[in-house]
Amino acid sequence: MESRDTQSTDSGETEQSLGFTLEPEEIDEIAEHLQGCPPCLEFIESLKTTVQMCKDIGTTERPAPLDPATHQRLLSAYQAMRSGKSPTAAKQD
Amino acid sequence: MLLAEALMRGDLGAFDEFVEVFRSKIFHYSLMTCGHREDAEEVSQDTLLKVFENFRQLQDPRNVRAWVFRIAKNACLLKRRKSVFAPKAELSLEDFLPQLEESQGTLRMQIADWSMVPDNQFLQSQLKEILTTAIRELPEIYRSVLLLRDVEELSTEETAQILDVSLDVVKTRLHRARLAIRQKLDRHLLEASKSLSR
Ligand SMILES: [Zn+2]
């Protein structure tokens, strides 16, 4: 039995996981093929999961808290830029 | 982008928000690129310093993400000597499509069972480690595209701008990079299910 209620045949998402743009006829053809092809559906599903996992790891590692000295250095550079001074004026070293 | 405009107007709240948001983004991108926390901390500081010093060079506030990441990418390149880089190589598509296996006289694709992945926390954390390693081991030209597009979720246009390549090149490399890491995860899942059924 094949499941037809899967969302994988959504062409926008399929295209996104492919990483390139398909012509409308190609999308129709692929969508039609996918309806009757569980292995291809599984493959696309696994590619979608992979992409989703990449998105999730984007927030896992965080930098150490910003130390006050660095914050001050950045703020000085920002204020110097705002006041129109030369960029090097903000550098201390 | 509103944040960049507020920053230009001298809004100190925007300054802190900008530092907060971009410092973690650049840190993560650099960590995945250089492989060392200290390098990544340095890259994120150096990048922000350059960003503030040169903020007036940003012509269009809507380009702020691409502009910042471009500076970060160059800062990462300077750390290159210290970093753990995978050999420069092209990835071939054929290497990453599922193997065909013969069963009952017909050829079928060999794919692991991914259905339990979304709901299994333990499996997810295992896969995340494998994923992180797989991304780091990608040849640089693929890794940079995958990091910017899928991990940092920048657009194809922004990624092309940052890396100085065409939209088509971004799309092709992204596709291959995704296939390559999908395969690493797939192999792990296949191994895991084999050891379970033993
Ligand atoms: Zn098929």
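**Starting from one residue**

Reply: Asp164(B) is exposed, with a relative accessible area of 56%. It counts as exposed because the cut-off for that word is over 50%. Before going on, please keep in mind that this is a predicted model. You can find Asp164(B) in the loop between α7 and α8 of chain B. Its backbone has a feature to look at: phi is near 60°, a positive value in a residue other than glycine.

Glu153(B) sits in the loop between α6 and α7 (156-163) of chain B. Is Glu153(B) buried, exposed or partly exposed? With a relative accessible area of 43%, Glu153(B) is partly exposed, because that label covers values between 20% and 50%.

Now let's follow the chain into its helices. Helix α6 (residues 140-151) of chain B holds Asp150(B), and helix α8 (residues 167-197) of chain B holds Arg178(B). The side chains of these two, Arg178(B) and Asp150(B), meet in a salt bridge at 2.7 Å, N to O. Their places in α8 and α6 mean that the pair ties together parts that are 28 residues apart in sequence. Both partners, Arg178(B) and Asp150(B), are buried.

Another salt bridge in chain B joins the side chains of Glu42(B) and Lys79(B), at 2.4 Å, N to O. This pair links distant parts of the chain, 37 residues apart: Glu42(B) belongs to helix α3 of chain B, while Lys79(B) belongs to the loop between α4 and β1 (100-103) of chain B. Lys79(B), at 8%, counts as buried, because its value is under 20%.

Helix α3 also takes part in a link to the other chain. The side chain of Arg37(B) meets that of Glu61(A) in a salt bridge of 2.8 Å, N to O. Here the pair crosses between chains, running from Arg37(B) in helix α3 (residues 37-53) of chain B to Glu61(A) in the loop between α3 (38-57) and α4 (68-82) of chain A. Arg37(B) is partly exposed at 36% relative accessibility, and Glu61(A) is partly exposed too, at 33%. How many salt bridges are there over all chains? The count comes to nine.

Which residues of chain A coordinate the zinc ion? They are His33(A) through NE2, Cys37(A) through SG and Cys40(A) through SG, at 2.0 to 2.2 Å. Written as a sequence pattern, the donor spacing is H-x3-C-x2-C. His33(A) is partly exposed, with a relative accessible area of 43%.

Glu32(A) belongs to helix α2 (residues 24-35) of chain A. With a relative accessible area of 63%, Glu32(A) is exposed. Glu32(A) is also part of a negative surface patch, together with Glu23(A), Glu25(A), Glu26(A), Asp28(A) and Glu29(A).

Chain B has eight helices and two strands, which run α-α-α-α-β-β-α-α-α-α from the N terminus on. Of its 198 residues, 48% count as buried.

Glu137(B), in helix α5 (residues 121-137) of chain B, is 105 residues from Met32(B) along the chain, and their C-alpha atoms are separated by 9.8 Å. Glu137(B) is partly exposed, at 46% relative accessibility. Arg70(B) and Ala134(B) are 64 residues apart in sequence, and 23 Å separates them in space, C-alpha to C-alpha. Arg70(B) is partly exposed, with 30% relative accessibility.

Technical notes
Residues are numbered from 1 along each chain as its sequence is written. Chains are lettered from A and ligands numbered from 1 in the order in which they are written. This is a predicted model: local features need pLDDT of at least 70, side-chain atom pairs count only at pLDDT 80 or more; totals for chains, interfaces and linings use all residues. Side-chain values use heavy atoms; hydrogens and water are left out. Donors are N, O and S atoms within 2.8 Å of the metal (3.2 Å for Na, K and Ca); water is not among the atoms, so sites may look incomplete. Buried means under 20% relative accessible area, exposed over 50%, partly exposed in between (1.4 Å probe, protein chains only). Patches are made of residues with over 30% relative accessible area and no salt bridge: like charges are joined within 9 Å, nonpolar side chains (Val, Leu, Ile, Met, Phe, Trp, Tyr) within 5 Å. Accessible areas come from the Shrake-Rupley method with a 1.4 Å probe; for residues, only the protein chains shown count as cover. A salt bridge is a side-chain nitrogen of Lys or Arg within 4 Å of a carboxyl oxygen of Asp or Glu. Lys and Arg count as positive and Asp and Glu as negative; His and the chain ends are not counted. The place of a charge is taken as NZ of Lys, CZ of Arg, CG of Asp or CD of Glu. Helices (H or I, at least four residues) and strands (E, at least two) are DSSP runs, numbered from the N terminus.
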